[in-house]
Amino acid sequence: MSPTLRICAVLMAACLLSGLWASPALAQEVPDDELRAASVEYEGELPPLLDRQVFFGDPQLSGAQISPNGDFLAFRQEYKGVMNVWMKGIDEPFDAAEPVTADTTRPVRGYFWSNDSQNILYTQDKGGDENFHVYAVDLDAERTDMGVPPASDLTPVDGIQARIYSVPESQPGVVYVGMNDRDRQWHDVYRVDIDTGERELIRENTQQIAGWTFDLDGNLRLGQRVAQDGSTEILDVSEGAEGEVVYTCTVEESCGAVRFHKNGEQVYMTTNKGDRDLTELILFDPETQEETVIEGDPEGEVDFGGAEFHESTDELIATYYVGDRLRIYPKDDAFASILETLKRKLPDGEIYLNTSTEDFTRHIVSVTRDVDPGVVFLFNSETGDVEQLYRSRPELPSEHLASMEPIRYDARDGLEIPAYLTTPKGVEANNLPLVVVVHGGPWSRDRWGYDAYAQFLANRGYAVLQPNFRASTGYGKAFLNAGNGEWGDKMQDDITDGVQHLIDQGIAHPDRVAIFGGSYGGYATLAGLAFTPDVYSAGISFVGPSNLITLLESIPPYWESARRIFNTRMGDLDDPDDVERLKRQSPLFSADQIDDALLVVQGANDPRVPQRESDQIVVAARENDAPVGYIVAPDEGHGFAKENNRLAFAVKMEAFLAEHVGGRYQTSMPDAIAQRLAEITVDPDTVAMPEVSEEAEASKTSALPATDGSVLQPANVTYETSLSLQGRTINLTTNRSIATAMHDGEEVWQVVDEVNSPMINATDSLMLDRETLRSIARTATGQGTIRLSYADDAVTGTMKMGSQSMDIDKELEAPVLAGGSGLEMTLATLPLGEGYTTTVRFFNYQQQSVRRMKVAVTGTSTVEVGAGSFDTMTVELTSLDGNDAGTGTYHVMSDAPHHVVKAEQKLGAQMGGGTATVQLTSLNGAK
């Protein structure tokens, strides 16, 4: 199976088959005495109320994968109360299976076989923080006290995020991974031996590569990066290549590698570059840069969906597209025969080829429908035999579930919006309470098939609308780009217009409409209540951002490439007009319009939408006297992975909607879920808005402190720096020269730092005003070249790295200093003394942001370092902007100039946290 389709299959199994199969002992219907009837009158009879456990409980079995040699079957099943991976012989019954992982805190959601069928590999994070590590389980190893073979962490560095790039068949004992251990923003590439864990760096990411592509033999061939303007560049990074850009597409286009052709010369890619609106599959030759179109959608409706490749021959055997339904197009007679056999022998529905043996003779196949999350089969393509392995939810009767229907409606500007509508079975679709379920992303889409929330809500008596509003993917670049800059505006109008369409059709009751969604869907919920309060009676925001400005400011370091796309699709924080628009589009600043019931749900460890996004909207809604509820799970991130949290939320959700929109709900719950709901429920009155002190606010524009450049003297200074980060130590030597120089006909101070280490050699040259020590110009070279000029109202210049060049033009509210040696020269020339405090601002060119810190003298001490013994003042630098990078304790000479003798600093998130210890080792000519 192709890597792309294999991932799709694994995700499909995780999404459709996880958490959706009831225990056989569980009754499928809720007794009448545990049911609160709806307050809505229905024309017809609703089906029996089904227990929420069958929608959101952990499955008994899910995610089956056959081993490459065909001898074994792996699957997910509960072990020690948590979903883990199990294994059995392919012909053995399921009760003969044994567990192979034993994570007792968090479910194992994604796993796969090694190519030699000797190991199970999986990824896992901690509490939803998305710092995934890659683990390997040797299936022949002796079992531990936990009853499973030991799991080896192949990426054992704290605070990093690992990514799997390639598991080549020609190297069965090897996995190629990316790790951001050196630089939190960019992943270097490592070759890891699965058996020993030995890790070898094969490519240091010095070109800001966001993704890597290997050929079928495990050779690193292509890198993909996002340029500063948001465009995509594909680089030839094969051995001996210079990283030449071989293919580009603009920020409003899309292009990317799928996998290499078996000839090793061409690569399958998807692209909509140029006058194409829909993405197509092409073959591209990186050497000649010639492309051949393989296929676009035969019906001309949607983007290219995916490709299937033969496991043993590597031939393209099928393509697929996702329109209203899944469409599969065989590319050879053999696969056409396989597909025909599957359609004839399997139930009606969407057929997914999940995993296959290396010889492509046996396959795990699943069939899903809107009213059935799936049946899983073992298929022998040589004999045509089909064996049912399990049903994903045998206790949930399809006869009581509701059909999902594709619909279309026109937005107010005439754009056609595709959507899906699910209405309760057994009643007329007339004047129903409605829940709009808005997908996340927003650059994704809803599709036809089983949806747990849609079926749960329909069973409770609600119509469910799932709109693929503009900016949703899959419908061409014009539809996608129609959403640029339109959060809360046209994108929100598309959702509102869908509600009005159903009201006009007589399907939805105008006074019984709720809105619910996660991530972007959570934002759309808050926007709906704040911007169109007359449309909705209630809303549920699940990890939804409330302030787009603070959302963009908090993007994780490893999303740096995505930030450049966000600048176009959302807004650029360096553009005052964009900032003003983003503020207007942020529900937080219109929270005084929220007067309907609001339920806010958050994972405390969410790295994408930090908890403050939910905290601040809870406070704002509370202060507006809106009915507001709040749930915070301390062990979750961007969504709920754990069964008890999912079920507790479902309890709160259905009771909340019943109260404010009118559907029915199950009144009973297990004691453990009642206890969990109590544990994660937060009293809104206890939530406080993040505070900004008067001092921090004033530091944005306050006058820079007075310095005395006359105390500075020519000198040569050497520092030894030890960086402690993520379990390892890096040592640097800095040779600093301070001398007079001429700049534009004026005498200035020139401070030059030469930094040397085994990893990097860099030079940083700074020109300072002779009297005031204000920054004039800066040039830094190392992995690239940065040239900056400083003025009172702006910092301008260029940043170059390889073939990339970016202009820097940072407008300033007030003058700034230079960081690094510029900050230390400021300390050296300040009138420091007992009780002295001031604030400083400096420009961080790596992040292109203005940093603000408080400087305070807190004591004196005698410090011994390599350069000798010094009487020092202790200076504390603390953050005034919420960023602790660079903060810490500095010991500076008591007499002016106050050169740094020793310092302990915090490192920034882009370096993965950690500390830096600096010591003076030599000083010549300063006194």
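Q: Is Arg276 buried or exposed, and what is its relative accessible area?
A: This is a predicted model, in which local features need pLDDT of at least 70 and side-chain atom pairs count only at pLDDT 80 or more, while totals for chains, interfaces and linings use all residues. Residues are numbered from 1 along each chain as its sequence is written, and side-chain values use heavy atoms, with hydrogens and water left out. Buried means under 20% relative accessible area, exposed over 50% and partly exposed in between (1.4 Å probe, protein chains only). Arg276 therefore counts as buried, its relative accessible area being 15%.

Q: Which residue forms a salt bridge with Arg276?
A: A salt bridge is a side-chain nitrogen of Lys or Arg within 4 Å of a carboxyl oxygen of Asp or Glu. The closest N and O atoms of the pair are 3.2 Å apart, and the partner of Arg276 is itself buried at 19% relative accessibility; this partner is Glu280.

Q: How many residues apart in sequence are the parts that Glu295 and Lys331 tie together?
A: Glu295 and Lys331 form a salt bridge, with the closest N and O atoms 2.3 Å apart. Glu295 lies in strand S21 (residues 290-295), whereas Lys331 lies in the loop between strand S24 (326-330) and helix H3 (333-345), so the parts tied together are separated in sequence by 36 residues.

Q: What is the torsion about the S-S bond of Cys249 and Cys255?
A: A disulfide (a pair of cysteine sulfur atoms within 2.5 Å) joins Cys249 to Cys255, S to S 2.2 Å. The disulfide is left-handed because the torsion is about -85°.

Terms used: Helix = DSSP H or I, 4+ residues; strand = E, 2+ residues; numbered from the N terminus.
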